[in-house]
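Subject: Structure handover

Hello,

Here is the structure I promised to pass on. Please open it first, then read the notes below.

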Amino acid sequence: MRQGSHSPIGVFDSGVGGLTVLKALMSHLPHESTLYLGDTARVPYGTKSGEVVTRYSLKNAEFLLERGIKLLVVACNTASAVALPALSAALPVPVVGVIAPGARAALRRTRGGGVGVIGTPGTIRSGAYQRELEAAAGAHGVKVKARACPLFVPLAEEGWLAGDVPRLVARDYLADFARSGVDTLVLGCTHYPLLKDVIAEAVGPQVELVDSAEATAEVVGALLEERRLLAPAAEAPTHHYFVTDVPERFVEVGARFLGRPIHSAEQVDLSF
């Protein structure tokens, strides 16, 4: 299928978390149509090997490419950490992950060179954000403090976004970040923007939060403009959702992540 400015942006994630990236794309690029694929039958990716995640990611990308996307956004942090080179080599369209945009946004905002990164155990263990920050900082240097915050994912999915429970969890994970010289904190998981208020409270007002989703949307917009692929301003966008497991929970929980109703999602079979 021939790609052009009218073609949709493709987004994939292992589940519902990538909808925060889609939300940022819709806000930043309101005329763009999108196709979203949540691989809900095989979530989570963070516990799987890099080889398996890369295989799943290539299959996801193939599904979206067959539907005529003009650009692929890898909304999953784990897939961005391990599969981006293979995706970029295999696809004839631009591929954007969430790690590089988030890391570079943090470097632009840090005042003293102390950057914190929080994410799932798989993302933090991969060292992808740490490597990207250090490579982008170059000779200027950067001090990175990284921590896995696994309980944030179930809290976000169950809607526990405020109150004593998420506040205590956030305080336990993050209270020492400001004391360690961190002035900028990257939300390195697509679930974490839902908990932005309790995270901000835990680290204190002196620490600026960087949402990788928002940074990614800015990169996508600049890339589409550079390649003259921006949808016309008069375009009436369409948004379609696909999942690899039954869609009911995705539709219910996903609306919280997207900030608007998801009226339906189509179940598809991506088995090998």
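Helices (H or I, at least four residues) and strands (E, at least two) are DSSP runs, numbered from the N terminus. This is a predicted model, in which local features need pLDDT of at least 70, side-chain atom pairs count only at pLDDT 80 or more, and totals for chains, interfaces and linings use all residues. Residues are numbered from 1 along each chain as its sequence is written, and side-chain values use heavy atoms, with hydrogens and water left out.

Start with serine 57. It sits in helix 2 (residues 50-65). Serine 57 counts as buried because its relative accessibility is 0%. Buried means under 20% relative accessible area, exposed over 50%, partly exposed in between (1.4 Å probe, protein chains only). Leaving out residues up to four places away in sequence, serine 57 touches Phe12, Tyr45, Ala79, Ala83 and Leu87. Contact here means heavy atoms within 4.5 Å.

Next, helix 1 (residues 19-28). Seven of its 10 residues are buried, so helix 1 is largely enclosed by the rest of the structure. The buried ones are Leu19, Thr20, Val21, Leu22, Ala24, Leu25 and Met26. Their cover includes strand 1 (9-13), strand 2 (34-38), helix 11 (212-226) and helix 12 (248-258).

Helix 11 holds threonine 216. Threonine 216 counts as buried, at 0% relative accessibility. Beyond residues up to four places away in sequence, threonine 216 touches Val21, Val73, Val96, Gly97, Val98 and Pro101. A polar atom of its side chain lies 2.7 Å from the backbone oxygen of serine 212.

Now the cores. A nonpolar core is a set of buried Ala, Val, Leu, Ile, Met, Phe, Trp, Tyr and Cys residues joined through side-chain atoms within 4.5 Å. The largest one has 70 residues, and Leu19, Ile118, Phe152, Leu174, Ile199 and Tyr241 touch the most other members. Apart from it lies another core, of 23 residues, including Ala61 and Phe242.

Which residues line the largest cavity? They are Val21, Asn77, Val98, Leu187, Cys189, Thr190, Pro193, Asp211, Ser212 and Ala213. On a 1 Å grid over the protein atoms alone, a cavity is a set of points where a 1.4 Å probe fits but cannot get out; lining residues have an atom within 4 Å of a point. The volume is about 40 Å³, taken as the space filled by probe spheres set on the points, which are joined across faces, edges and corners.

Best wishes

How values were computed. 1 Å grid on protein atoms, 1.4 Å probe; cavity = no way out; pocket = protein on both sides within 12 Å on 5 of 7 lines; lining within 4 Å. Polar contact = N/O pair within 3.5 Å; in protein donor to acceptor, adjacent residues only side chain to side chain.
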